[in-house]
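Have a look at the fold before reading on.

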Amino acid sequence: MKKTFSFLFLFITISVLSQNKPKEQVENFFTQYQEQSATIAIDNLYKTNQWMDRATDAITDLKNKMEGLNTDFVGKFYGYELILEKKLGESFILLSYLGKYDRQPIRFTFEFYKPNDTWKIFGLKFDGDLDNEIEEAAKLYYHRLDD
């Protein structure tokens, strides 16, 4: 009985800690976004940070804009892929994902902060400006001419 309880406690502890990792939070976000709604996905993502209760207007605006990414506007959502990961020390991480829609790609940028031992969502943005950035990156002055 004691071994079963210890194993169960260890399993629950590992499960809770593993769900706290930023990439796993993003995976949960996209699963809920695809299977339920943007509103539910955003609500559950922002539950990790109690300070976001003070930004209800900004979060409501984000929900409304993300609900606009519907099949009439951008087509079917096919999934996502990681395009960039940047860290500032061990306590701040930015994860940028490409959301794949019929009409166009949409970039989702997640920022996470770990002030102590728990990762919290710090910010979420999305935009469709990927084409401008890749065109700019392809310009000649970004490449060494002597190669």
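## Strand pairing

β1 and β2 (residues 92–101) pair in the antiparallel sense over 10 bridges; two strands count as paired if DSSP finds at least two bridges between them. Within that pairing, L82 has Y97 in β2 as its bridge partner. Helices (H or I, at least four residues) and strands (E, at least two) are DSSP runs, numbered from the N terminus.

Keep in mind that this is a predicted model: local features need pLDDT of at least 70, side-chain atom pairs count only at pLDDT 80 or more, and totals for chains, interfaces and linings use all residues. Residues are numbered from 1 along each chain as its sequence is written, and side-chain values use heavy atoms, with hydrogens and water left out.

## The whole sheet

Zooming out, the 4 strands form an open sheet in the order β1-β2-β3-β4, with antiparallel pairing. At the edges sit β1 (77–88) and β4, each pairing on one side only. On average, neighbouring strands are turned by 20° against each other, direction ignored.

## Helices on the sheet

α2 lies across β1, β2, β3 and β4, at about 30° to β2. α4 lies across β3 and β4, at about 40° to β4. Axes here are lines fitted to C-alpha atoms, for helices over the stretch in contact (heavy atoms within 4.5 Å), and angles run from 0 to 180 degrees between N-to-C directions.

## The buried side of α3

In α3 (residues 38–46), A38, A41, I42, L45 and Y46 are buried (under 20% relative accessible area, with exposed over 50% and partly exposed in between; 1.4 Å probe, protein chains only). They cover an arc of only 120° around the axis, which puts them on the same side of α3; the arc is that of the directions from the helix axis to the C-beta atoms. These buried residues pack against α2 (22–35), α4 (56–67), β3 (105–113) and β4 (120–127).
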